[in-house]
Amino acid sequence: MNKLGKNLADIGYMDTLAAGDSPLHRLDPRAKLLTTFLFIVSVVSFNKYEVSALVPFCLYPVFLVAAGKLPAGYLVKKILLVSPFAVLVGVFNPALDRQILFQLGPLGISGGWVSFLSILARFALTVSAALALLSITGINSVCEALLRCGVPKPFVVQLLFLNRYIFALTGEAERMSRARSLRTFRPAAVSFRVFIQLIGNLLLRTMDRAERVYRAMLCRGFDGHIRVVRFSKIGRREIAFTLGWSVFFSVFRFVNIPLMLGQAVTGLLK
Amino acid sequence: MHMADALISPAVGGTMWVVSGGLIAYSAKKVREEADDRKIPLMGVLGAFIFAAQMINFTIPATGSSGHLGGGMILAILLGPYSAFLVMASVLTVQALFFADGGLLALGCNIFNLGFFTCFVAYPLIYKKIIGRGLDKKRLIIAATIAGVIGLELGAFGVALETVSSGISELPFKTFVLLMIPIHLAIGLVEGLVTSGVVSFVITARPEIVTAAGEKTPPGVGVKKTALGIAAAAVLAGAALSWFASAHPDGLEWAMLKTSGREELESSGRLHGLLASLQEKTAFLPDYGFRKAAPAGEVKSEPAAGEKAAWPAIDAGASVSGLVGGLLTLLLAALIGLGLKRRQTAA
């Protein structure tokens, strides 16, 4: 399987996860969306030197992964895959901010290293929460939630279409690039000329497909409006989920639990 | 180019969400006004096309590196700015959700950087101007390349501006821009060449597709006028935001300071903490270091560098206990997770 095929399998796997069944899967997507959003906002709202207070927040993604029966290793791999950007931008911090912030024995730790660590922690938290959210919700439910939250319908319809045809077109692209690599001596390198022809042909096929899809929709009574099925509702569980986690987030945000814990432990040791 | 949540502040992320959300609503309204049924499946499938095309890499001659398609300009040429913006926004949303490529809070920034500049600035103000009425290949290549470069450069500028005003990265604005501009000059050139290559391929194979798209100028207000209006709104929002960001590095903390009388507690804590209870309180609420926006900042209850002499006792202890406590909390969270998992499998 080439890289394209792997990407495709990846999206498919996320959908498989979302099709699972757990109390978390059954929650109204709006509650999950809102809670995750609150989570991200609380995590990124810390000052840039904060590390220890960020740690308790990992409870939320850990909870989602555990209670949603998600494969933790797979999600960690995905987080590592997308980490380069955050690492690249953050890695300058240690070089630029050399002021010693605190002393650990003989080792002086500069503000840059602390803020770099903080960026990494934020990154891991926000990305894992977002990935876990999709894995327990699924793109269709996310779209439904968006629609109910007042997102314009043409945009939501666009998202649904996109999700539906990613598979068809990525499959098409995969077949084309496999056909090319089977007929060449240098399978890995696609020259610019060939690339343009590949993409151009893919585009032509895409437009033909759009025409066919449109006709098929007309045959099935399409009148210019897409109807999205809605079946969820906000109940006691949803309110408990969102409110409960909001309380947790505000406690984590304003009380540095790890520091208290650490002080208690080091105090005992003394 | 996709910004991550870890590098932006809530104020920046929120502002860009509002701006991009407004743009989406506006574009959706425009698309609805066009009332072209045929466009609905076309937009959806073209979005998937961009996705699929991005997964094919090509080798850039003489460099050994590889590039891929960004796609904004092709979409704008084929669909017009409003639909293209919606498609771009949806592609970025799916990338954020499925691949965690760009964060959820940063989504507003990403849609703005990669969608707005290409669809509402580079396309109407540069591509359209150069193409004019006639559509010959040479002009197409020039137009697509220049528009591609400018669109991407503006986007890169946006990334730098948003990152620096968030204040998480230490990179100074100038350095960041100087880093981003040459990289995106190269990427933009490649993007422009791909765009013009693909469009002229389509023109050769099926001229009617591109000419039909070119003729369809959206009804109502002209593209230029609306683009200018939106640009003005963005500049205003940006100005408001940068004021907000620079005056209060952290919106939430600022709000906290305003709503709670935390300053008092801090200042009495600074009176050498004669009362043991008060000292305990400062330890329990260690993060409330609002009293200074000093660049040295404070980690946990760590006193700022200047105060070290006055507070020799706490210094080493606080950082160690922060470390110990952090590790313990991590362990606890992992245990909770394991416990939950076991219960799940047992159930």
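User: Let's start with a helix pair in chain A. Is the crossing of helix 10 of chain A and helix 11 of chain A right-handed or left-handed?

Analyst: One caution before that: this is a predicted model. The general idea is that two packed helices are described by the angle between their axes and the distance between the axes. Here, the crossing of helix 10 and helix 11 of chain A is right-handed.

User: Which residues of helix 10 of chain A meet helix 11 of chain A?

Analyst: From helix 10 of chain A you have Leu169(A), Glu172(A), Ala173(A), Met176(A), Ser177(A) and Arg180(A). Facing them in helix 11 of chain A are Val194(A), Leu198(A), Asn201(A), Leu202(A), Arg205(A) and Thr206(A). Sorted by class, the residues of this contact come out as six nonpolar, three polar and three charged.

User: What about Ala168(A): how far is it from Thr206(A), in sequence and in space?

Analyst: Ala168(A) sits in helix 10 of chain A. Ala168(A) and Thr206(A) are separated by 38 residues in sequence, and by 9.7 Å in space, C-alpha to C-alpha.

User: Now burial for a whole helix. Why is helix 4 of chain A described as largely enclosed by the rest of the structure?

Analyst: Count its buried residues. Helix 4 of chain A spans residues 59-67, and seven of its nine residues are buried, so the rest of the structure largely encloses it. The buried ones are Leu59(A), Tyr60(A), Pro61(A), Val62(A), Leu64(A), Val65(A) and Ala66(A). If you like backbone torsions, look just past the end of this helix: Lys69(A) takes a positive phi of about 55°.

User: Zooming out, which domains is chain A divided into?

Analyst: Domain 1 of chain A takes in 20-137 + 233-260, and domain 2 of chain A is 145-229. Their C-alpha centres lie 34 Å apart.

User: Over to chain B. How many helices and strands does chain B have?

Analyst: Chain B has 13 helices and two strands. Of its 347 residues, 47% count as buried. For contacts in chain B with a separation of 6 or more, 70% come from residues 24 or more positions apart.

User: At what angle do the axes of helix 1 of chain B and helix 4 of chain B cross?

Analyst: They cross at roughly 130°, with the axes coming within 8 Å. That angle is why helix 1 of chain B is called oblique to helix 4 of chain B. The crossing of these two helices is left-handed. Helix 1 of chain B brings Leu23(B), Ile24(B), Ser27(B), Ala28(B), Lys30(B) and Val31(B) to the contact, while helix 4 of chain B brings Tyr82(B), Ser83(B), Phe85(B), Leu86(B) and Ala89(B). By class, that contact has eight nonpolar, two polar and one charged residues.

User: Last one, the interface: how many residues of chain B are in contact with chain A?

Analyst: In general, the size of an interface is often given as the accessible area lost when the parts come together. Here we have residue counts: 104 residues of chain B are in contact with 105 residues of chain A. Several elements of chain B each supply at least two residues to that side, among them helix 1 (10-34), helix 7 (173-205) and helix 13 (312-346). Helix 13 of chain B gives the most, with 21 residues. The side of chain B that touches chain A has 63 nonpolar, 26 polar and 15 charged residues.

Notes. Residues numbered from 1 in each chain as written. Chains lettered and ligands numbered in written order. Predicted model: local features only at pLDDT ≥ 70, side-chain atom pairs only at ≥ 80, totals over all residues. Contact = placed C-beta atoms within 7 Å. Helix = DSSP H or I, 4+ residues; strand = E, 2+ residues; numbered from the N terminus. Nonpolar A, V, L, I, M, F, W, Y, C, P; charged D, E, K, R; others polar. Buried ≥ 20, exposed ≤ 12 C-beta atoms within 10 Å, placed from the backbone. Domains from an automatic or database assignment. Axes fitted to C-alpha atoms, helices over the stretch in contact; angles between N-to-C directions. Parallel < 35°, antiparallel > 145°, perpendicular 65-115°, else oblique. Left-handed = near helix turned anticlockwise from the far one by under 90°.
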